[in-house]
Amino acid sequence: MAVVPRLHLEDPPLRAAVTVSLDAARSHYLSRVLRLAAGDAVALFNAEDGEWRARVVALDRRGVRLAVEDRLRPPCAEPGPSLWFAPPRRTRLEWLVEKAVELGVGGFRPVITERTVARLQRPERLRAIAVEAAEQCGRLTVPEFAPTRPLARALVEEAPAALLFADEAGDGRPLLKALDGEGPEPVFLVGPEGGFTPAERAMLRARTTVRPVSLGPRILRSETAALYMLACWGAVRGAGG
Ligand code: SAH
C-alpha cells in the first residue's frame, strides 16, 4: 500500500469540503518529487484541527490544489519534555532538532551558558526541520522554539518546579530512576559541547528544584545526551508516549 504523504498545514483551518492551494515548494514536492496525480490522497494536519484526508484536485502552473474530505484523527495534546539545551553547532543542531521531534520533545528552550559557542541561527530553518520531522513521524503537533535566553534568565522566567540537569560529573541519580514519578512533561537541561563551568554547576546544584542526573559512565556529546534523555522518557512512558 502506498504511503500517504502528510503535510502540516495551519492555514486555512481544516474542515470538510475546504479547498487548499499549496505554496510553490509544497506543490513542487507533491507534483515533481512524489509525482502525485489528480485523485491521489494526502493527509493534512495541525494541532488545532487534527488530521484530515484530502485529495489532489488539480496540479497545474498555479500549483497543487487539494479538497479536504474527512477527519482521520481528532486533535489531541502531545505532552512531552521541555528540552533546555545549549545549541551545538549547525549540523549537530539540525540533527538534534529532527531527532528530538521524532522522540516526542514537547518544546525547545535554547539557553546560553558560559561555554555556549553557537547561537540559534536561522530559526525558520530549524522550524522547517521540526515541521518535516512531525510530518514524517506522525505527530499532530510541531514543538515550538522559545527565544534563546541566558540560562539564569530562563530559570527565573520559567521557574520550572523540577529540572533534571544532565551533569556529566557522574554523581547524579541515574536518569531512569530520576524519571520515576515525573509527570508527562519533565524539564531536561543539557549543557554545551564544553560542559558547564564550575560556577554554573554550583549555581544549578544550589537550587532545590534542580536535580542532577547521570546518563552513564561515558561523556556524551550534548546532542547525544539530549536524545538519550528523550529516549529514556519515551521508554518510561511506554508505547502510549
Ligand atoms: N564537559 C565535557 C563535555 C560536556 S558533554 C568536556 O568538554 O569535557 C555535553 C553535555 O552533555 C554536558 O554538559 C551534560 O549536560 C551532558 N552529558 C554528557 N555526558 C553525560 C553523562 N554521562 N551524564 C550526564 N550528563 C552528560
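This is a predicted model: local features need pLDDT of at least 70, side-chain atom pairs count only at pLDDT 80 or more; totals for chains, interfaces and linings use all residues.
**Exercise 1.** Find the domains of the protein chain and state how far apart their C-alpha centres lie.

*Solution.* Start with the domain assignment. It gives domain 1 as 6-73 and domain 2 as 82-240. Next, take the C-alpha centres of the two domains. They lie 33 Å apart. Now count the residues in the contact. Domain 1 supplies 11 residues, and domain 2 supplies nine.

**Exercise 2.** Give the area buried between domain 1 and domain 2, and the share from carbon and sulfur atoms.

*Solution.* The size of an interface is often expressed as accessible area lost when the parts come together. Between domain 1 and domain 2, the buried area is about 750 Å². Carbon and sulfur atoms give 53% of that area.

**Exercise 3.** Count the salt bridges and the residue pairs in polar contact between the domains.

*Solution.* Take the salt bridges to begin with. There are two between domain 1 and domain 2. Then turn to polar contacts. Seven residue pairs are in polar contact between domain 1 and domain 2, with both residues at pLDDT 80 or more.

**Exercise 4.** Work out which strands, and which kinds of residue, form the side of domain 1 that touches domain 2.

*Solution.* Look for strands that supply at least two residues each. These are β1 (6-8), β3 (41-46) and β4 (50-60). Then ask which gives the most. That is β1, with three residues. Finally, sort the residues on this side of domain 1 by kind. Three are nonpolar, three are polar and five are charged.

Note on methods
Residues are numbered from 1 along each chain as its sequence is written. Side-chain values use heavy atoms; hydrogens and water are left out. Domain bounds come from an automatic or database domain assignment. Contact means heavy atoms within 4.5 Å. Buried area is the accessible area (1.4 Å probe) that two parts lose on being put together, summed over both. A salt bridge is a side-chain nitrogen of Lys or Arg within 4 Å of a carboxyl oxygen of Asp or Glu. A polar contact is a pair of N or O atoms within 3.5 Å; within protein, one must be able to donate a hydrogen and the other to accept it, and residues adjacent in sequence count only if both atoms are side-chain atoms. Helices (H or I, at least four residues) and strands (E, at least two) are DSSP runs, numbered from the N terminus. Ala, Val, Leu, Ile, Met, Phe, Trp, Tyr, Cys and Pro count as nonpolar, Asp, Glu, Lys and Arg as charged, and the others, Gly among them, as polar.
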